[in-house]
Amino acid sequence: METKSENACFGGIQGVYTHASEATGTDMTFGLFLPAEARDGPVPVLWYLSGLTCTHENAMTKAGAQGWAAEQGIALVFPDTSPRGEGVADDEAFDMGQGAGFYLNATEAPWAEHFQMRDYITEDLTALLAAEFPLDMERQSITGHSMGGHGALTLAMSLPGRFRSVSAFSPICNPTASDWGRKQFTGYLGTDEATWAAHDASLLMAEKGFDGPILVDTGTTDQFLDLLMPETLASAAAKRRQQCILRMQPGYDHSYFFVSSFMEDHVTFHAEALYAG
């Protein structure tokens with residue numbers, strides 16, 4: 001692991017680090033905010049998964065999460081959204097390839113060689129964080145925006161017991177029925193749609209649900225609302241009688257202005273779960 005930068009931030013440290021990933025076969029970069037409490041011992045962890053076209057840096061610099069995390073004594077992890085570098089497959093479109101890993105393990109060429117983002121998040125990076133930093137990996141929660149909201153919800157529901165709570169900002173809720181999903185799943189996973197269900201939050205909600213609290217915020221003027229399909233997740237949650245808070249925020253769009261406006265709510269929501277019991 002190589003330290004790229006470390007800056008004082010709200011009494012703690014905002015770092016950026018690079019390491020070799022076995023899952024992706026590439027060097028990967030991530031951001032990690034450690035609150036002041038980490039000097040005295042392990043602190044709970046909140047993952048933030050970013051959206052299409054983003055790197056580790058977008059949420060780290062735009063979401064305004066560190067101040068609220070510092071108040072709660074919580075670490076923040078900002079992974080990258082895909083493998084990158086020479087020899088890594090890419091696509092001319094912004095919603096496929098580098099910057100658009102969709103937090104799954106690709107099985108189709110040319111993506112399968114490097115696009116193993118599910119294993120990267122849940123195995124490689126998790127193991128590195130546990131070994132190198134004062135983090136309490138028994139207390140993890142997860143959030144994300146757009147494609148990252150999709151990732152947060154699907155990982156939380158498919159890994160029972162891993163995360164104490166999950167939240168999302170304007171998540172892609174039903175990718176198997178959306179142009180933000182069908183295109184990517186066909187490319188990454190192939191044409192057998194039976195393999196897609198494990199990566200669809202609405203289908204997972206109907207099948208499994210989540211063994212903890214859920215918070216989802218979406219703006220009513222989100223320019224991608226028809227692609228996000230929040231109504232499908234709401235319907236599945238209602239039918240399952242899942243413990244959750246699903247909010248449509250009047251006047252808000254898809255931007256980081258929206259994310260930062262409700263970040264305090266989300267960090268506080270996770271803090272309640274991370275410090276419970």
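**Close-up A. Helix 2 and helix 9 form a right-handed crossing.** Right-handed here means that the near helix is turned clockwise from the far one by less than a right angle. The model is predicted: local features need pLDDT of at least 70, side-chain atom pairs count only at pLDDT 80 or more, and totals for chains, interfaces and linings use all residues. Residues are numbered from 1 along each chain as its sequence is written, and side-chain values use heavy atoms, without hydrogens or water. The axes of helix 2 (residues 65–72) and helix 9 (residues 256–274) come within 9 Å and cross at roughly 30°. That makes the pair roughly parallel (angles under 35 degrees). Helices are DSSP runs of H or I with at least four residues; strands are E runs of at least two. Axes are lines fitted to C-alpha atoms over the stretch in contact, with angles from 0 to 180 degrees between N-to-C directions.

**Close-up B. Side by side: the contact of helix 2 with helix 9.** A65, W68, A69 and Q72 of helix 2 meet M263, E264, V267, T268 and A271 of helix 9 (heavy atoms within 4.5 Å). Six of these residues are nonpolar, two polar and one charged.

**Close-up C. The loop between strand 5 (75–79) and helix 3 (117–132) holds P110.** The A109 to P110 peptide bond is cis, with omega near 0°. F102 lies in this loop too. Its phi is positive, near 60°. Most residues other than glycine have a negative phi, and most peptide bonds are trans.

Note on methods:
Parallel < 35°, antiparallel > 145°, perpendicular 65-115°, else oblique. Nonpolar A, V, L, I, M, F, W, Y, C, P; charged D, E, K, R; others polar.
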